Amino acid sequence: MRTVLMVAEKPSLAQSIAKILSKGNCSSRKGLNGACSVHEYMGSFLGQNMYFKMTSVCGHVMSLDFIGKYNNWDKVDPAELFSNAPTEKKEANPKLNMVKFLQVEGKGCDYVVLWLDCDKEGENICFEVLDAIQPVMNKGYYRENTVYRAKFSSITDTDIWNAMNCLGEPNRNEALSVDARQELDLRIGCAFTRFQTKYFQGKYGNLDSSLISFGPCQTPTLGFCVERHDKIQSFKSETYWVLQAKVFKGKDNPLTLDWNRVRTFDREVGQMFVNLTKTSREAWVESVRKKEKVKQRPQALNTVEMLRVASSALGMGPQHTMQIAERLYTQGYISYPRTETTHYPDNFDLKGALKQQCNNPHWSEEVEALLSAGLNRPRKGTDAGDHPPITPMRAASEAELGSDGWRLYDYITRHFIATVSEDCKYLQTTIDFTIRNEVFSCSGKTLTSPGYTTVMPWQGIPLEEALPDCECGDVFTVDEIKLVEKQTSPPDYLTEAELITLMEKHGVGTDASIPVHINNICQRNYVTVETGRRLKPTNLGVVLVHGYYKTGMDELMEVSFSPLAATGKPMSRCGKCHRFMKYIQAKPSRLHCSHCDETYSLSQNGVIKLYKELRCPLDDFELLLWTSGARGKSYPLCPYCFSNPPFRDMKKGMGCNECTHPSCQHSLNSLGIGQCVECESGILVLDPTSGPKWRMACNKCNVVVHFFEHAHRVQVAQESCEACDASLVVVDFNKTRSPLPAGETQHAGCVFCDRVFQDLVELKHANMRHPMHGGGVSRRGGRGRGRGRRGTAKKPKDKMAALAAYFV
């Protein structure tokens, strides 16, 4: 006898389907993973009597991840995750042993029927199941189809049997689209998440977030919340005035009238109108307008609307709502809760679904009335081609569903009944008055037919005090006229319902993933849920979004978590506005120009001070001097060039000792002496601020060469050494301490080759833990000018040996 293996998406779903298809005559046992049961029975398939096994998975069988070595945050550059990092499919939950379980149950089976959820994710899971079981299934006859797909939208006898009798095939293209989306989410999300988390947590200790995540949908979701936050913060309240009049007729209660000019922002103008109208004690009725209006019944319910109402009316978050809706679906109480459709299909049994609710005391009267009078045709909605709208599939009570389950079911059922009810109808009356040529009005609504609002009373027309009977030409007595001062108010923070609307409008996420994205920004401490389920961004959330817009994340983090306005001291002038910029000493140290609203990075792990009030010839910014201490190294830098390299062969983070400006007195071309005696890419550069304990330091590594102590002046000459191509130096010695013969005080020569200088040079390592720069253009020969200085400098063996002897 042949065997049919049927696989559903969840254990509870498998149980419900098996119960329907076996007509209650199935036996059940636990699978080897302990999480999924197997329901077995005999039945008919393809016109033959067959043995059925119905089981399930628990969502996705597999998940996408990088191969092992790329999961080490410390050893992999996040940029590699975009292209170089291979991915692989891994079991989504290894503890479930889902692949082995499927292979055990699938071994020897002849056919498989896939009862996965009917969306793209469900199609993807179909092929995950097939990858596990097809290698162990019996081989079918030539051209025999052995794989079938069931399409269904609710767990009712009719829908399940219809699906079983109209089996199709799984859609590989939809499954592949999920694979593509998973890979994009993985690469983009992991790369940015790793970069952000490592970068910011290494600098700031009060972020209050263990993971600073990024996601293609999560981030714009946060962006909507921050956009509203920005509007609130930038809002400037304005005072305005409203003219308010009260009139009465006979013994009727006074009517409060609205001013047709609405408001004025000029108090004197408002007072002028008060003075004009106060001269009259009569208010003339200019017109009485009555108009019948209709409040339309709702369209059929889709996921987004269900999430909106659950948040705004029931106080239930989107993620919690979806969990409850999925449970109600798998238990057979409602149809599939993930749908974008708001239009019932032509063959949908509206009357049958309504009859299910006849005995519920909460709405039985409304249901009986509809069944007696006849159902109204539902409003035409949108057919997204996925699933029918969310509809109650069988009767339920609060005792069966629990508190939150009942509240959601109650709303879904009332909404369904409302879609086949009549519209709400009311009469709107508007009375226009004139008081001394100023026009005022009042309006009121009178309910004529409640329609659908009997079952959705919160949408009903509120009871209002009836307007007095009057007609054009009637005269009322003016009771009071006054000028009322009011203030414009900012918008409030976004509610979850408003955020869901924005996400749907801009195509951020899907009906199924919207709750996940909102939940993520809450879990990551990017927003907090306030009273009324309003989403208020945290400092971290605000800074992240502002940083994405500005591409200046680091500076904004510093502004938020250690405000620039409250720290720092004036140091150097900006080359753009020529005002003083503030030096922020807290790591990472930086300069901030409040006038230009610009922040400039600086060299770290040292002391920054003004450099003789000298300016960069390229941008007019005042130069700074960075030093790692008396026993370390130092070099000047331009704040602007440091972040905006002026030449192609320069990278960000380079000081003047690496600048290739051809003529600037502070650049490498003017102060460079020769190739570093240790590293391959560094140049030894004269530190012109180091006298009288003169030194030159490598612009790449931490090598420092001390020389010519107590000399008056040390300069780099234009000429170069014929032996090693290093630039010659000119030294003016102190007359009382000159090492030169015959009382001479000046000598020019090569630091490395000149015999006079040989005993005056001492190699050391700078007193710092890390080299200042990790890379850059290799310039191995002098300073790039003069004979031999554009090539590669030589490293004489005797020079290396001599300097090594002084190594400390």
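Reply: Gladly. Let us start with one side chain: Tyr-548 has a relative accessibility of 26%, so it counts as partly exposed. Keep in mind that this is a predicted model.

Me: Which ring does Tyr-548 pair with, and how is the pair classed?

Reply: The general idea first: a pair of aromatic rings is described by the distance of the centres and the angle of the planes. Here the partner is Phe-214, with ring centres 5.6 Å apart and planes at 80 degrees, so the pair is edge-to-face. Tyr-548 belongs to helix H16 (residues 539-550), while Phe-214 sits in the loop between helix H5 (172-201) and helix H6 (218-234), so the pair ties together parts 334 residues apart in sequence.

Me: Is Phe-214 buried or exposed?

Reply: Phe-214 is buried, because its relative accessible area is 18% and the cut-off for buried is under 20%.

Me: How many aromatic pairs does the count come to?

Reply: The count comes to 25 aromatic pairs. One of them joins Trp-115 and Phe-152: the centres are 5.6 Å apart and the planes stand at 50 degrees, so this pair is tilted. Trp-115 is in strand E7 (residues 111-115) and Phe-152 in the loop between strand E8 (147-149) and helix H4 (157-165), so parts 37 residues apart in sequence are tied together. Trp-115 and Phe-152 are both buried.

Me: Which residues do ring pairs link into a cluster?

Reply: Tyr-41, Phe-45, Phe-52, Tyr-111 and Tyr-148 are linked in this way.

Me: Now the helices, please. How do H8 and H9 pack?

Reply: Two packed helices are described by the angle between their axes and the distance between the axes. For H8 (residues 303-312) and H9 (residues 318-330), the angle is about 120 degrees and the axes are 9 Å apart. The two helices are therefore oblique to each other, and H8 passes H9 in a right-handed crossing. Thr-303, Met-306, Leu-307 and Ala-310 of H8 meet Pro-318, Thr-321, Met-322 and Ala-325 of H9. That contact has six nonpolar, two polar and no charged residues.

Me: And what is the arrangement of H9 and H13?

Reply: H9 packs against H13 (residues 403-419) at about 80 degrees, with the axes 10 Å apart. H9 and H13 are therefore roughly perpendicular. On the H9 side, the residues in contact include His-320, Thr-321 and Arg-327, and H13 contributes residues including Asp-404 and Tyr-409. By class, this contact has five nonpolar, three polar and two charged residues.

Technical notes:
Residues numbered from 1 in each chain as written. Predicted model: local features only at pLDDT ≥ 70, side-chain atom pairs only at ≥ 80, totals over all residues. Heavy atoms only, no water. Axes fitted to C-alpha atoms, helices over the stretch in contact; angles between N-to-C directions. Helix = DSSP H or I, 4+ residues; strand = E, 2+ residues; numbered from the N terminus. Parallel < 35°, antiparallel > 145°, perpendicular 65-115°, else oblique. Left-handed = near helix turned anticlockwise from the far one by under 90°. Contact = heavy atoms within 4.5 Å. Nonpolar A, V, L, I, M, F, W, Y, C, P; charged D, E, K, R; others polar. Phe/Tyr/Trp six-rings, centres within 6.5 Å; stacked < 30°, edge-to-face > 60°. Buried < 20%, exposed > 50% of the residue type's maximum accessible area, 1.4 Å probe, protein only.
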